[in-house]
Amino acid sequence: MKKVDILVVGGSAAGLTAAITARRHYPEKSTLLIRKESQVLIPCGIPYIFGTVGSPEKNLIPDGALTQNQIELLVDEVTGLDPSKNQVSTAGGQSVAYERLILATGSLPAMPPIPGFELNGVYPIFKDVAHLRNMQEALKSVSDLVIIGGGFIGVEFADECKKSLRANVSIVEVLPHCLLLAYDEDFCTHAEELLKERGISLITSMKVNRIAGKSSVEGVELADRTTLPAQAVILGIGAAANITLAERAGLRIGVTGSIAVDRTMRTSDERIYACGDCAEKVSFFGGRPSPLKLASIATAEARIAAANLFGTRRENIGTVGVWSTVVGDTAFATAGLTELLATRHGHDYVIGTAEAPNRHPGGMPGMRKMKVKLVFERRTGVILGGQVMGDAAGGEVINTISACVQRRMTAEDVAMFQTGTHPALTASPIAYQLVNAAEAAIAALH
Ligand SMILES: Cc1cc2nc3c(=O)[nH]c(=O)nc-3n(C[C@H](O)[C@H](O)[C@H](O)COP(=O)(O)OP(=O)(O)OC[C@H]3O[C@@H](n4cnc5c(N)ncnc54)[C@H](O)[C@@H]3O)c2cc1C
């Protein structure tokens, strides 16, 4: 039997980050990472395989970080976990004993309770090179593609498929707008206008009744009894934690169906930690269970879990929820609570918005407008969240906003930022959107 100090199961965002962090914090400990697949996809890059990037092989996480950090790799599937013996067994017949174990087994695509989802031509998004290669090949001959789910994955797939396929592309979304769980209506409406300009059909406020066809997809029947023709359907309706191993081993499962962990990312077994999509999350805002599954959360949790393996060094503050997407070349980014979510959380809030060119003077090359919207709690002036739309820099500005949220900064703190600016790189210091959005909110607070 092989023996290691630290064993990580899973080799994607959470597993790889956990192994690297473990080596940083405990360089004297031997670390083995076991993952199922020989090639690991960059999960967030998957939609771009179908347009901009071109193939699964161009969207891989290199294994260099493993060798650089002296992390041993075993490509195999862990099929058994016995916490009483501190050991795992694999499909390939290996047994490995561990001193500490990190489960980073991720998630699988959520399957809808929709009749017909098992038909040929229905594609859940598995993070698997062969699956995506087959899917890419099959989509080439499709003339009508329907995407179920208008969240960021559905929107990114629609945009990318429209770039590379001749097919009619439609999104069916049950909510009144695409992206409504991430952005307020004004932002969603703009994203929808851009999607329509790009030739994508949007059917919102609409449920799917069933996917029609004998053995292969022929259409998607909607709740209003109309049927969209379809030879392929992509499911973009979320992900479910992959807890098979943990459940079989008797680890406690949380209310969202993920592996229960405490703030140190420790499971119900004191030698086993879990992080990433497989681990239960609580919201930064009030500590209730959170359904969010993001690479940013997975890697942050991995850094917590691995640092804590032999003594508590870090604690999880809960999920803020920060991420971005892009429609065409317009960035949409969000962190924390939107107006809608602030209302749902029972906050009395004020908003501040500011829009300005991202260069000064505006005639500088590469000028794009960027809009920042911030949400503050009225009573305290503490920032609850923000959204950014426009220039690609929005993908980084949102990370500043996320830092403000995590440090519970007030509108006054944000308004008093000393921001670095440059004519060719940023908005003017006079019109700097983040600061001016905070100033606008302060005016509304008084
Ligand atoms: C299409 C798409 C686009 C996305 N875009 C974004 C984005 O832009 N930004 C963002 O923040 N998030 C995005 N996400 C979410 C993000 O991909 C996930 O949050 C992230 O992949 C979670 O990482 P993870 O390591 O926890 O799990 P996973 O990526 O699911 O990886 C799990 C790993 O565990 C391995 N494994 C599982 N079981 C076993 C076993 N029994 N034995 C051995 N190995 C095992 C798997 O093979 C895999 O290596 C996107 C997701 C998808 C599907």
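The second largest pocket of this predicted model has a volume of about 340 Å³, and of the 18 residues that line this pocket, the closest to its centre are Ser-296, Ala-300, Ile-317, Gly-318 and Gln-406. The largest share of the lining, seven residues, comes from helix 8.

- Helix 8, which covers residues 295-307, and helix 10, which covers residues 394-406, each supply at least two residues of the lining of the second largest pocket.
- By residue class, the lining of the second largest pocket divides into six nonpolar, eight polar and four charged residues.
- Gly-318, one of the residues closest to the centre of this pocket, has its backbone nitrogen 2.9 Å from a polar atom of the side chain of Asn-316.

**Asn-316 and Met-265**

- Asn-316 lies in the loop between helix 8 and strand 20 (322-327), and it counts as buried because its relative accessibility is 17%, where the cut-off for buried is under 20%.
- When residues up to four places away in sequence are left out, Asn-316 touches Arg-263, Met-265, Glu-301 and Ile-304.
- The C-alpha atoms of Asn-316 and Asp-262 are separated by 8.4 Å, although the two residues are 54 residues apart along the chain.
- Met-265, one of the residues that Asn-316 touches, is placed in the loop between helix 7 (244-248) and strand 17 (272-274), and at 1% relative accessibility Met-265 counts as buried.
- The phi of Met-265 is near 75°, a positive value in a residue other than glycine.

**The enclosed cavity**

- A search of the whole structure finds one cavity of 30 Å³ or more, and the largest cavity has a volume of about 50 Å³.
- The elements that give two or more residues to the lining of the largest cavity are strand 2 (31-35) and helix 3 (64-68).
- Gly-11, Leu-16, Leu-33, Arg-35, Val-40, Ile-61, Pro-62, Asp-63, Ala-65 and Leu-66 line the largest cavity, and these lining residues divide into seven nonpolar, one polar and two charged.

- Helix 1 (residues 13-25) has 13 residues, which at 1.5 Å a residue should span 18 Å, and its end C-alpha atoms are 18 Å apart, so the two values agree.
- Because 11 of the 13 residues of helix 1 are buried, this helix is largely enclosed by the rest of the structure.
- The buried residues of helix 1 include Leu-16, along with Ala-13, Ala-14, Gly-15 and Thr-17, and Leu-16 is also one of the residues that line the largest cavity.
- The buried residues of helix 1 pack against strand 1 (2-9), strand 2, helix 3, strand 6 (95-103) and helix 8; among these partners, strand 2 and helix 3 also give two or more residues to the lining of the largest cavity, while helix 8 supplies seven residues to the lining of the second largest pocket.
- Helix 5 (residues 152-164) also has 13 residues, and it reaches 19 Å from its first C-alpha to its last, close to the 18 Å expected at 1.5 Å a residue.
- In helix 5 the buried residues are Gly-154, Val-155, Glu-156, Phe-157, Ala-158, Asp-159, Glu-160 and Cys-161.

**Backbone geometry in loops**

- Most residues other than glycine have a negative phi, and most peptide bonds are trans.
- The phi of Asn-86 is near 55°, a positive value in a residue other than glycine, and Asn-86 is found in the loop between strand 4 (78-82) and strand 5 (87-90).
- Asn-86 is buried, with a relative accessible area of 17%, and it touches Val-96, Ala-97, Tyr-98 and Arg-271 when residues up to four places away in sequence are not counted.
- The peptide bond from His-360 to Pro-361 is cis, with omega near 0°, and Pro-361 is placed in the loop between strand 22 (349-357) and strand 23 (369-377).

**Ala-424**

- Ala-424 is placed in the loop between helix 11 (411-415) and helix 12 (433-445), where at 31% relative accessibility Ala-424 counts as partly exposed.
- Not counting residues up to four places away in sequence, Ala-424 touches Arg-359 and Met-364.
- Ala-424 and Gln-70 are 354 residues apart in sequence, and their C-alpha atoms are 42 Å apart in space.

How values were computed
Residues are numbered from 1 along each chain as its sequence is written. This is a predicted model: local features need pLDDT of at least 70, side-chain atom pairs count only at pLDDT 80 or more; totals for chains, interfaces and linings use all residues. Side-chain values use heavy atoms; hydrogens and water are left out. On a 1 Å grid over the protein atoms alone, a cavity is a set of points where a 1.4 Å probe fits but cannot get out, and a pocket is an open set with protein on both sides within 12 Å along at least five of seven lines; lining residues have an atom within 4 Å of a point. Grid points are joined across faces, edges and corners, and a volume is the space filled by probe spheres set on the points. Helices (H or I, at least four residues) and strands (E, at least two) are DSSP runs, numbered from the N terminus. Ala, Val, Leu, Ile, Met, Phe, Trp, Tyr, Cys and Pro count as nonpolar, Asp, Glu, Lys and Arg as charged, and the others, Gly among them, as polar. The expected span of a helix is 1.5 Å times one less than its number of residues. Buried means under 20% relative accessible area, exposed over 50%, partly exposed in between (1.4 Å probe, protein chains only). Contact means heavy atoms within 4.5 Å. A polar contact is a pair of N or O atoms within 3.5 Å; within protein, one must be able to donate a hydrogen and the other to accept it, and residues adjacent in sequence count only if both atoms are side-chain atoms.
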